[in-house]
Amino acid sequence: MAETDKDDLISLIDDEEGEGEIPRILPLLPVRDVVIFTDMLLPLFVGRKRSILAVEESLTQDRFILLATQRDPVVENPSPEEIYAVGTVGRILRMLKLPDGRVKALVQGISKARISRYVRKKSFYRVRIELVPEPENEPLDIEVEALMRNVREQSEKILSLRGEYSSDVSNILDNIEEPGKLADLVASNLKLKIEEAQELLELDNPVERLRRVNDFLHRELELSAMQAKIQSDVKDEISKSQRDYFLREQVRAIHRELGEQDEKTQEIEDYRKRIKKARIPGPAREEAEKQLRRMEQMHPDSAEASVVRNYLDWIVEMPWSKSSREMIDIPAAKKVLDKDHYGLEKIKDRILEYLSVRKLNPNMKGPILCFVGPPGVGKTSLGQAIAKAIRRRFIRISLGGIRDEAEIRGHRRTYIGAMPGRILQGLKQCGVNNPVFMMDEIDKLGADFRGDPSSALLEALDPEQNAAFSDHYLNLPFDLSNVMFILTANYTDTIPSALLDRMEVISLAGYTEEEKSHIARRHLIPRQMKENGLKSGQVRISDGALAQIITEYTAEAGVRNLEREIGSICRKIARKVAEKKKGPFQVTRANLHTYLGIAKYQPEMDKEESQIGLATGLAWTQAGGEVLYVEASLISGKGELIITGQLGEIMQESARAALSYVRGNLSLFGAKENFFENLDVHIHVPAGAIPKDGPSAGVAMATALASVVCRTPVCTDVAMTGEISLRGRVLPIGGLKEKSLGALRAGIRTILLPDKNRKELVELPKNVRRKIRFVPVRHMDEVLPAALESFPPRKSKRRKKTGK
């Protein structure tokens with residue numbers, strides 16, 4: 001023994017070598033998946049470098065070492081906080097170094113001890129300990145004796161059920177007279193959880209420890225009895241299976257004697273193994289086995305056998321029980337979403353809320369999200385980012401143009417060439433039953449004599465029903481409740497209301513110029529440089545040139561055309577590099593036209609000056625928000641209304657309502673009551689080749705008519721949106737965010753909007769609210785002074801009454 005101060009020694013026990021003393025400072029060996037009790041003898045395989053050093057340190061001194069369990073067995077290098085404070089002082093009896101570098105040590109528990117502090121933390125842990133001595137033996141009362149007898153009897157019953165009971169074991173149990181030692185012996189042989197075993201170790205009262213062991217024995221006895229019953233049932237089933245196997249072997253021998261080929265038998269056995277391996281649930285497994293028995297009776301070359309063979313292939317290849325393992329890390333998921341997409345904070349928050357709930361409640365049903373927005377705003381890539389964030393597989397199908405219900409639900413097996421629908425095809429392709437499943441273009445589904453695909457989607461997209469989704473081909477319930485469905489659409493008008501009710505609609509309005517600039521810098525330019533073989537530093541696009549590309553070469557809510565223009569620049573520079581011209585190549589406002597030609601759009605030049613009868617409205621289209629010019633003119637005639645520009649029924653009704661309002665308030669505009677008697681009114685919306693419709697052009701039409709009647713120009717930088725009533729009230733509209741972004745692209749500085757849409761202003765981007773002045777209005781008599789360059793105040797009886 002190494003020299004040690006007497007203060008650092010604690011006299012203890014007698015072991016096989018005689019009386020020994022345990023040092024107060026010992027090396028610490030953290031152990032995993034086991035709690036070591038006193039008098040427990042077991043081999044330990046030591047592989048961690050720190051642990052090997054602790055064992056070697058123990059061998060150089062007294063062979064004493066503290067064995068303490070770490071809280072998390074996965075942690076490779078546990079910190080002091082991750083190791084239980086109460087452990088067992090053990091003695092290393094034998095040690096063997098293995099060829100793979102590990103060490104095998106045979107240790108025996110000596111005494112329970114508590115860590116008072118860590119003396120050394122480098123290379124390996126050395127700790128100061130306090131022994132936890134067992135209380136002195138007291139005469140056993142009747143209750144303790146009964147408890148000990150009960151523990152012995154339950155232990156013998158458990159060993160009997162396991163087939164491990166012997167007279168030697170019984171003698172060992174009977175010869176232990178101390179409650180604490182009996183509790184430690186039984187506990188060391190029970191299959192307890194780490195937390196339960198550590199709880200026993202930390203109990204100082206031996207009688208209380210024995211009571212806890214008795215409770216665990218009672219539970220273990222019930223489990224062992226149930227396990228024995230299951231094993232008995234399995235043995236009976238194995239006997240039946242052996243009998244069936246013997247009979248099948250006889251049948252095969254008969255077939256061989258008849259000269260039939262054995263390939264069919266081999267195929268049947270292969271299907272039987274695949275059915276077992278696929279872990280198919282009850283009803284589907286019964287159907288598969290039924291079809292397999294039918295196939296055994298068929299000739300392998302018959303047409304019906306081919307149909308059954310295809311059906312079985314689909315059943316065994318479907319991911320009935322195979323799921324991808326989720327790794328939900330909210331900060332990591334946020335980092336992935338922020339890396340792949342700029343802006344879209346509201347949508348990211350909704351996705352992170354879903355992931356948070358999913359982490360707290362793994363059994364929640366998958367949501368049905370529907371991303372609605374114009375092309376190029378990142379709907380599909382957002383779905384891919386979600387799958388990446390939660391580490392699920394991603395599958396995408398396009399529903400645009402689908403008119404056949406069988407594309408969703410599959411064909412009946414009676415048809416030649418029948419196959420399952422697109423949903424089950426996608427699940428088979430990805431190989432798991434919980435992917436992120438994206439359905440693109442849900443708003444472009446069709447319907448004809450072959451059925452309505454949108455109605456077929458009602459079951460698949462209903463969280464209350466899709467746990468037993470039935471495809472016409474398989475005709476078996478398949479669980480879709482774990483699938484996270486994400487749908488995309490350009491607008492919701494064509495989606496049936498019943499289907500729309502099952503979705504959570506999230507709108508992606510589009511990007512501002514600043515957001516497009518950030519997206520181009522972070523994603524589009526690097527991607528196009530990589531695709532065109534350019535290296536970093538060979539292309540430098542100035543901020544001014546990028547802003548000019550956004551405003552004068554693209555006019556969109558998304559960034560798809562912006563990426564095309566950047567790609568065009570990169571291709572031209574790639575040609576220069578291939579021709580061995582020296583770079584780097586600067587793209588500025590001055591030389592941008594040499595790469596992209598003349599500007600395609602000049603929105604601020606559409607209206608150079610204010611004009612009479614020309615008002616600027618706002619429209620919400622599939623491509624996002626756009627400005628809509630409304631022209632009004634008076635010509636000689638008989639008081640008729642002429643409407644041109646391919647306007648739909650709703651816009652035609654808006655034009656009639658606007659005209660009725662102006663006719664009813666001629667005195668307000670300084671005109672006589674018979675003003676329109678010999679004049680026709682012509683309302684025209686340019687871009688006549690494009691059909692237009694929607695309930696938000698009434699205010700612009702009324703303003704254009706009022707401008708013509710009172711001969712006052714409409715302000716060129718003012719746009720307006722809203723529907724009107726016959727009495728001039730301004731009614732609310734939809735798509736304010738999209739329309740505002742479209743107005744910003746067109747250089748509009750003031751927007752007149754219905755007062756009931758005022759609450760939606762808080763959802764607009766800050767830079768939009770900073771660059772555009774929004775004027776909420778309730779009535780046309782508030783619109784006209786703001787829209788016309790000069791307009792007299794309205795003087796009417798209704799106004800006078802209101803003033804009073």
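**Close-up 1. The buried residues of helix 11 (residues 345-360) in the predicted model.** Helix 11 buries Ile347, Lys348, Ile351, Leu352, Tyr354, Leu355 and Arg358, where buried means under 20% relative accessible area, exposed over 50% and partly exposed in between (1.4 Å probe, protein chains only). Viewed along the helix axis, these buried residues lie within an arc of 155° and so line one face of helix 11; the arc is taken from the directions from the helix axis to the C-beta atoms. An α-helix has 3.6 residues a turn, so residues three or four places apart point the same way. On the face turned away from the buried side, helix 11 carries the exposed residues Lys346 and Leu360. The cover over the buried residues includes helix 10 (330-340), strand 9 (368-372), helix 12 (379-389), strand 14 (484-489) and strand 15 (504-507). Helices (H or I, at least four residues) and strands (E, at least two) are DSSP runs, numbered from the N terminus. The end C-alpha atoms of helix 11 are 23 Å apart, which agrees with the 22 Å that its 16 residues should span at 1.5 Å a residue; the expected span is 1.5 Å times one less than the number of residues. The model is predicted, so local features need pLDDT of at least 70 and side-chain atom pairs count only at pLDDT 80 or more, while totals for chains, interfaces and linings use all residues. Residues are numbered from 1 along each chain as its sequence is written, and side-chain values use heavy atoms, with hydrogens and water left out.

**Close-up 2. Packing of helix 10 against helix 12.** The axes of helix 10 and helix 12 are 9 Å apart and meet at an angle of about 155°; axes are lines fitted to C-alpha atoms, for helices over the stretch in contact, and angles run from 0 to 180 degrees between N-to-C directions. The two helices are therefore roughly antiparallel, a term used for angles over 145 degrees. Ala333, Val336, Leu337 and Asp340 of helix 10 make the contact with Ala385, Ile386, Lys388 and Ala389 of helix 12, contact meaning heavy atoms within 4.5 Å.

**Close-up 3. Aspartate 184 in helix 4 (residues 179-188).** Aspartate 184 has a relative accessible area of 7% and is buried. Apart from neighbours within four places in sequence, aspartate 184 is in contact with Phe37, Thr38 and Arg209.

**Close-up 4. Helix 22 (residues 698-710) and the residue after it.** Helix 22 has 13 residues and reaches 18 Å from its first C-alpha to its last, close to the 18 Å expected at 1.5 Å a residue. Of its 13 residues, 13 are buried, so helix 22 is largely enclosed by the rest of the structure. Arginine 711 follows helix 22 and has a positive phi, near 60°.

**Close-up 5. Positive phi at lysine 580 and glutamine 646.** Most residues other than glycine have a negative phi. Lysine 580 has a positive phi of about 65° and belongs to the loop between helix 19 (560-578) and strand 17 (585-587). Lysine 580 is exposed, at 76% relative accessibility. Glutamine 646, with phi near 55°, is in the loop between strand 20 (641-644) and helix 21 (649-664). Its relative accessible area of 45% makes glutamine 646 partly exposed.

**Close-up 6. Lysine 121 in the loop between strand 7 (103-120) and strand 8 (126-131).** Lysine 121 is partly exposed, at 48% relative accessibility. Leaving aside neighbours within four places in sequence, lysine 121 is in contact with Arg50 and Pro80.

Note on methods. Parallel < 35°, antiparallel > 145°, perpendicular 65-115°, else oblique.
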